[in-house]
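Please read them alongside the coordinates.

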Amino acid sequence: MLHVFALSIILLGTILLLFSLGPVNHIYKTDNNAGWRVLRALVLFFIAGYLGVSYYFFLQSSLNAADVMVSTIMFAGACFVALVVRFSLSSLNKLEQSAAAERSNALHDSLTGLPNRKFLMDCLQEHIDARRYFNLLILDLNRFKQINDALGHYVGDLLLIRVGQKLKQALPSDIQLFRLGGDEFAIVSTKDESAHTRHIVDIIHHSLETTFEIEDYELSVSASIGVTHFPENGQSIGVLLQQGDLAMYASKKHSNLYTEYDESLESGAAEKVHIAAQLKEAISLEKFELWYQPIIDLSTNSIHGAEALLRWPQADGSYIAPDKFIKVAEQSALINRITEWVMQRVSEDIESFSGSGLELCIHINLSVKDLQDPMIVSKVRKVLTKHAMKDHKLMLEVTESAMMTDIAQVKNTMQQISEAGLVFSIDDFGTGYSSLALLRDLPVGQIKIDRSFIRNIANSNADLAIVKSTIYLAQNLGCNIVAEGVEDAETANLLTDLGCDFVQGYYYSKPQRRDDFVYFVQQYDQQSAVLLVK
Ligand code: C2E
Ligand code: CA
Ligand code: CA
């Protein structure tokens with residue numbers, strides 16, 4: 001009986017040792033530490049020893065208590081080795097998993113799970129080192145900030161996740177997608193074919209054509225894409241990323257499907273210097289024109305007034321757009337002289353409109369530099385007294401971002417101007433930030449909702465929600481509201497239903513020369529009179 005017991009536990013121990021050999025080998029391969037090699041040799045040595053002792057016991061006719069004791073100790077030793085090896089293997093596996101997770105976290109974006117900027121850098125460096133051709137596309141979502149601000153970061157985050165998933169699914173597996181941060185993504189492909197970029201761009205736009213249902217919102221997004229190539233355009237990661245960004249901004253600015261980087265994008269700076277030189281002369285010689293874009297009162301369907309918009313005619317009959325030269329003028333004191341000229345000209349025009357029987361409220365655009373001009377209050381007072389103008393005939397448009405530049409000083413200036421009797425309108429409302437604080441703290445009588453929100457209200461629930469809540473907010477704060485960029489009847493009708501006070505946009509009229517504008521107003525009033533009689 002003792003014989004059978006001793007032999008069985010020694011053989012059991014041998015089996016345990018044999019089973020420990022697998023894990024020991026595995027650990028040795030992963031850890032590559034010489035200690036595990038010694039352990040493997042020891043286990044093999046034990047197995048041989050255990051087999052030897054078993055054979056010896058087998059040959060004995062009887063075993064004593066000491067033999068049984070030895071076999072029990074040998075069994076316990078084998079159990080010990082088996083347990084230690086198993087535990088070591090499992091802790092090593094856990095360590096390996098967490099190291100892999102850490103490696104992956106460092107290279108992946110925690111929100112979308114996509115490879116991140118660091119991963120992109122590594123990947124680009126690898127291609128550059130191998131002198132391998134690649135296309136780099138920088139993709140930025142349009143108006144994501146507005147969705148984020150209006151519907152909250154939670155919805156914004158969910159939208160980013162869904163957009164990331166959608167793009168990932170749509171792109172072929174050999175094209176890599178990265179999230180750079182915010183609403184910016186990058187795409188890398190190594191195919192050197194001229195039609196290939198266009199193919200990727202089409203895939204991206206096509207995949208974003210859907211509406212994303214998030215919480216209770218149906219959100220639509222679009223993207224601006226900039227493209228550059230290695231090695232033609234740039235040789236280093238920094239340069240290529242900058243080129244992609246530049247091209248992406250150009251694409252955003254011109255609402256293109258995508259923009260290929262080329263050197264002319266860099267020449268914007270040279271163009272600015274040229275414009276600045278010409279501007280000085282244009283101001284001295286009063287070469288500007290003021291055009292007027294009608295603002296319609298929706299409650300009466302009559303023309304309430306107009307926004308005065310600068311035009312800079314050139315010798316060849318073309319015009320330099322205000323977007324281009326106002327920014328340059330703002331970089332110097334030139335903008336103050338331009339604004340003075342505009343105020344002067346508008347006052348004269350208002351008198352001339354009155355002479356034609358038209359009592360109109362004219363809007364002037366003020367720049368951030370005007371609000372910082374120490375003379376602005378006296379300039380405004382001078383214009384008002386010189387032309388004995390009724391206050392309600394002049395309205396000053398200031399953008400949110402201009403108001404935010406030096407809030408204490410701007411507030412003071414705005415208050416003085418408002419005490420002089422003028423009303424301020426917040427221009428491009430919704431595109432800046434801290435809109436609510438501005439409305440509370442500053443003397444503002446009107447909100448102009450930016451046209452980027454108006455454009456899609458007939459098709460986008462999110463835009464409609466933004467416009468609706470802005471109208472509600474304005475009404476409760478005692479401000480009236482203008483919708484800019486109304487381009488069709490459907491939008492105009494929708495805005496009327498929403499209780500918007502005024503509208504402006506190409507549907508009614510583009511900005512026109514003064515005389516054309518006067519003719520337009522006279523015609524328009526007659527037409528609405530006819531419509532009313534009908
Ligand atoms: P803004 O103040 O937002 O002016 C409205 C711009 O939207 C005008 O462009 C107008 O032509 C355009 N617009 C009006 N309705 C529609 C529409 O239905 N659809 C589309 N797509 N666009 C529409 P514009 O005249 O090129 O002026 C651009 C910007 O230049 C103005 O934007 C304003 O910020 C600035 N600006 C113009 N005149 C002056 C000025 O006298 N002083 C200052 N400081 N800035 C000015
Ligand atoms: Ca404006
Ligand atoms: Ca505007």
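1. Ring cluster. Phe288, Trp312, Phe325 and Trp341 are joined into a cluster by ring pairs. The model is a predicted one, and the values in this note are to be read accordingly. In total, the structure holds 14 aromatic pairs.

2. Phe119 and Phe178. The ring centres of Phe119 and Phe178 are 5.9 Å apart and the ring planes stand at 70 degrees, so this pair is edge-to-face. The angle falls in that class because planes over 60 degrees apart count as edge-to-face. Phe119 belongs to helix α4 (residues 117-129) and Phe178 to strand β2 (residues 176-181), so the pair ties together parts that are 59 residues apart in sequence. Phe178 is buried, at 0% relative accessibility, whereas Phe119 is partly exposed, with a relative accessible area of 23%.

3. Trp291 and Tyr319. Here the ring centres of Trp291 and Tyr319 lie 5.4 Å apart with planes at 75 degrees, so this pair too is edge-to-face. Trp291 sits in strand β8 (residues 289-297) and Tyr319 in strand β10 (residues 319-320); the pair links distant parts of the chain, 28 residues apart. Trp291 has a relative accessible area of 14% and is buried. Tyr319 is partly exposed, at 31% relative accessibility.

4. Charge over a ring. The ring of Tyr506 has the charged end of Lys510 sitting over it, 4.7 Å from the ring centre.

5. Helix packing. Two packed helices are described by the angle between their axes and the distance between the axes. For α4 and helix α8 (residues 237-253), the angle is about 115 degrees and the axes are 10 Å apart. The crossing of α4 and α8 is right-handed. On the α4 side the contact is made by Arg117, Leu120, Met121, Leu124, Gln125 and Ile128, and on the α8 side by Ile237, Leu240 and Leu241.

6. Cis peptide. Most residues other than glycine have a negative phi, and most peptide bonds are trans. Phe230 and Pro231, however, are joined by a cis peptide bond, with omega about 10 degrees. Pro231 is located in the loop between β6 (223-230) and α8.

7. Positive phi. Glu215 is not a glycine, yet its phi is positive, at about 50 degrees. Glu215 lies in the loop between β4 (212-214) and β5 (217-219), and is exposed, with a relative accessible area of 52%. Glu286, also not a glycine, has a positive phi of about 50 degrees. Its position is the loop between α9 (268-284) and β8, and at 46% relative accessibility Glu286 counts as partly exposed.

Definitions and conventions. Residues numbered from 1 in each chain as written. Chains lettered and ligands numbered in written order. Predicted model: local features only at pLDDT ≥ 70, side-chain atom pairs only at ≥ 80, totals over all residues. Heavy atoms only, no water. Phe/Tyr/Trp six-rings, centres within 6.5 Å; stacked < 30°, edge-to-face > 60°. Helix = DSSP H or I, 4+ residues; strand = E, 2+ residues; numbered from the N terminus. Buried < 20%, exposed > 50% of the residue type's maximum accessible area, 1.4 Å probe, protein only. Lys NZ or Arg CZ within 6 Å of the ring centre and 35° of its normal. Axes fitted to C-alpha atoms, helices over the stretch in contact; angles between N-to-C directions. Left-handed = near helix turned anticlockwise from the far one by under 90°. Contact = heavy atoms within 4.5 Å.
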